[in-house]
Number of protein chains: 2
Amino acid sequence: MPDYVPGLEGIVAAQTEISLVDGANGRLVYRGYVIADLAEEMSFEEVAHLFWFGHLPNRPELDGLAAELSGSRSLTQAAAAALDALPKDADPMDVLRSVVSVQGVRHRLEKPNVPAAIHVTASFPTVLAAFHRRRQGLDPVKPRPELGHAANYLYMLTGTEASPDLVRALNTYLVLLADHGMNASTFSARVTIATLSDMYSAITSAIGTLKGPLHGGANERVMETLLEIGEADRARDMINAKLKQHERVMGFGHRVYKTEDPRATILRRHSEALGRRTGQLKWYEISREVEKTMREDKPDLYPNVDFYSASVYHMMGIPIDQFTPIFAISRMAGWTAQLLEQYANNRLIRPESEYVGPPSLKYVPIDKR
Amino acid sequence: MPDYVPGLEGIVAAQTEISLVDGANGRLVYRGYVIADLAEEMSFEEVAHLFWFGHLPNRPELDGLAAELSGSRSLTQAAAAALDALPKDADPMDVLRSVVSVQGVRHRLEKPNVPAAIHVTASFPTVLAAFHRRRQGLDPVKPRPELGHAANYLYMLTGTEASPDLVRALNTYLVLLADHGMNASTFSARVTIATLSDMYSAITSAIGTLKGPLHGGANERVMETLLEIGEADRARDMINAKLKQHERVMGFGHRVYKTEDPRATILRRHSEALGRRTGQLKWYEISREVEKTMREDKPDLYPNVDFYSASVYHMMGIPIDQFTPIFAISRMAGWTAQLLEQYANNRLIRPESEYVGPPSLKYVPIDKR
């Protein structure tokens with residue numbers, strides 16, 4: 001019997017052409033392109049094209065894909081009905097998992113392909129925005145086909161067109177989070193598709209996995225900490241008190257990056273810029289103080305992508321419980337691309353378990369126990 | 001960079017006290033008890049007790065658990081509404097995945113525990129039976145609290161109480177399939193819960209993973225083959241023709257068992273007995289001929305659990321597209337038990353991927369491409 005590998009740490013479970021997490025050098029690479037070069041240049045749709053088709057689009061290709069995405073934003077009748085039936089105080093990640101699952105109900109097993117990737121990707125913002133409207137007692141806002149993925153989500157959420165600043169900030173975030181090598185949600189989706197199941201089943205697995213606070217849920221916890229601190233000059237004392245009590249401060253450290261997470265570097269810049277432009281610099285300043293205090297205590301622990309995304313979202317006016325769902329909107333590009341990759345060269349993913357239970361026991365029928 | 005391990009074959013991803021798949025000796029063991037001793041003695045509820053509480057119940061303990069299970073069979077309002085909204089020709093596994101996900105919608109993250117395991121386990125037969133009634137244009141049948149898990153499912157499916165023979169056959173099947181060490185659906189559920197997500201999210205992952213024809217979907221494929229053959233004396237020629245064309249014959253071979261799957265041994269017996277009692281021996285005879293023909297061609301390839309469950313189900317009058325869902329009803333005991341185990345001693349399950357994409361490329365903005 002081989003040794004048990006807790007958490008499968010250090011085991012290579014897949015080969016991928018989609019992204020490289022270069023932990024030693026603090027680089028994230030999408031199909032050969034360094035993220036720092038792309039994040040403020042490309043639209044989410046361009047990244048999706050790069051992932052799904054293997055190359056950056058030219059203008060007609062990009063327009064074509066954007067049109068297909070914007071033409072696939074509506075929910076099926078069953079998905080709309082399921083959404084309407086959900087309680088208003090539901091966790092949006094539970095809503096997303098359930099409505100996307102209903103959206104994927106089919107008569108027979110369908111093979112994963114790019115059209116399926118487009119359809120499931122296009123539906124996420126519709127589900128989340130419609131649910132958010134509904135729980136406020138407002139009517140859902142119909143998508144606007146001429147708006148891109150980021151702009152249309154903000155539009156459906158609020159009913160008014162967002163400023164170019166906000167759209168740009170959200171788009172950068174969607175690009176930055178679109179894929180990240182192997183991670184728990186991508187992995188669960190690959191395990192699901194590897195039985196030759198369908199794309200919606202695999203995406204449903206990914207959503208449920210992303211939900212956990214050790215994965216996508218972390219950015220919401222970061223924001224709760226920032227809100228608890230409330231003012232930049234209280235940050236140092238409060239963080240030191242937490243550290244003294246061995247309480248975990250969320251948003252720091254990463255299993256792979258040994259330097260700063262390159263996405264955090266870009267989001268820190270956005271946090272500051274957005275703070276200045278919107279008169280909410282305080283959230284950037286609190287974040288900065290938390291970071292400084294943490295780094296003094298633990299010099300090897302860097303802020304990760306969750307840390308600076310929290311203040312960015314908050315300044316954009318996005319409710320805390322939509323933070324993880326937006327992570328899902330972004331990661332859809334990577335999830336679907338890695339699923340197509342898994343399916344194209346599939347092998348059932350089935351590790352072993354080690355039995356550590358009781359040795360052989362003698363069975364006694366219930367009435368003689 | 002360590003080597004890529006395709007399919008994670010031979011990697012130990014978890015320790016478990018729930019079951020041991022002893023491939024070399026053809027034994028399946030539940031917490032120390034050999035399955036061959038239990039399968040025709042114990043009820044599904046007893047196995048669930050053994051899994052969840054770590055020991056076989058005495059009579060009051062078993063009655064207590066059975067009452068809790070039978071008291072948790074109803075769907076939430078949202079789950080019932082989602083079920084009603086689904087198209088009648090939907091794949092039952094998609095229905096199960098979606099309605100169970102809706103059933104698990106909560107206001108906030110809930111910790112996995114035995115009550116959650118009981119609730120989600122109790123809901124499966126209700127979802128599946130109600131959907132099957134609905135698609136036939138019939139009203140759902142209310143559960144009968146005095147009936148056990150197997151008997152009540154058959155009752156809700158048909159509206160009449162099943163004969164003791166059928167209940168016994170289904171119960172044995174539910175016991176036999178209740179856990180099986182590591183397997184793709186259990187593994188996907190563990191990956192999901194390991195981010196500290198909730199039990200319903202993890203079970204939703206498991207359902208989507210089980211759906212694939214390389215996992216739970218196999219028994220439906222076996223039945224399609226038996227129906228295609230139609231008569232025992234046609235089996236040999238048809239199987240030989242398939243083998244000649246290198247077509248895969250489903251229901252044979254297993255990554256772990258090097259001898260016959262012990263569950264197949266028991267189900268073969270049930271298949272024959274049920275055939276004799278119900279005047280449908282033909283499905284057993286066809287299966288037997290297929291097995292003989294396969295073994296002559298490939299002496300090391302044994303029938304697996306999917307092979308003999310197909311004829312058993314069919315003789316019980318269960319529609320083919322409910323075969324995989326019944327597998328899910330059974331495996332719920334093991335899924336939930338392994339989730340409790342994972343959660344009690346958790347570590348994020350996050351392997352690595354190997355980047356095999358293009359080397360460093362220079363980014364060119366879209367209008368200069």
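Predicted model: local features only at pLDDT ≥ 70, side-chain atom pairs only at ≥ 80, totals over all residues.
Chain B and chain A are joined by 10 salt bridges. Between them, chain B and chain A bury about 9,100 Å², of which 60% lies on carbon and sulfur atoms.

**The interface between chain B and chain A**

- The contact draws on 105 residues of chain B and 104 residues of chain A.
- On the side of chain B, the residues that lose the most area to chain A are V12(B), R350(B) and Y363(B), which together account for 9% of what that side buries.
- One of the salt bridges pairs the side chains of D198(A) and R97(B), with an N to O distance of 3.9 Å.
- Polar contacts across the interface of chain B and chain A involve 58 residue pairs, with both residues at pLDDT 80 or more.
- Helix α10 of chain B, residues 199-210, gives the most to the side of chain B that touches chain A, contributing six residues.
- Sorted by class, that side of chain B comprises 50 nonpolar, 30 polar and 25 charged residues.

**Strand pairing between the chains**

- Domain 1 of chain A consists of 19-214 + 320-344, while domain 2 of chain A covers 218-315.
- Their contact involves 32 residues from domain 1 of chain A and 28 residues from domain 2 of chain A.
- A distance of 25 Å separates the C-alpha centres of the two domains.

**Polar links and contributing elements between the domains**

- Two salt bridges are counted between domain 1 of chain A and domain 2 of chain A.
- The side chains of R277(A) and D165(A) form a salt bridge with an N to O distance of 2.4 Å.
- Across the interface of the two domains of chain A, 11 residue pairs are in polar contact, both residues being at pLDDT 80 or more.
- The elements that give two or more residues to the domain 1 side of this contact in chain A are β2 (19-22), β3 (27-30), α1 (35-38), α8 (164-176) and α16 (323-344).
- The largest share of that side, seven residues, comes from α8(A).
- By class, the side of domain 1 of chain A that touches domain 2 of chain A holds 18 nonpolar, seven polar and seven charged residues.

**A three-stranded sheet in chain B**

- Chain B contains an open sheet of three strands in the order β2-β3-β4, with antiparallel pairing.
- Strands β2 (19-22) and β4 (33-34) of chain B each have a single partner strand and stand at the edges, so one side of each is left without a neighbour in the sheet.
- Strand β3 of chain B (residues 27-30) pairs with β4(B) in the antiparallel sense over two bridges.
- In this pairing, V29(B) stands opposite V34(B) of β4(B).

Conventions
Residues numbered from 1 in each chain as written. Chains lettered and ligands numbered in written order. Heavy atoms only, no water. Domains from an automatic or database assignment. Contact = heavy atoms within 4.5 Å. Salt bridge = Lys/Arg side-chain N within 4 Å of Asp/Glu carboxyl O. Polar contact = N/O pair within 3.5 Å; in protein donor to acceptor, adjacent residues only side chain to side chain. Helix = DSSP H or I, 4+ residues; strand = E, 2+ residues; numbered from the N terminus. Nonpolar A, V, L, I, M, F, W, Y, C, P; charged D, E, K, R; others polar. Pairing = 2+ DSSP bridges. Buried area = accessible area lost by both parts, 1.4 Å probe.
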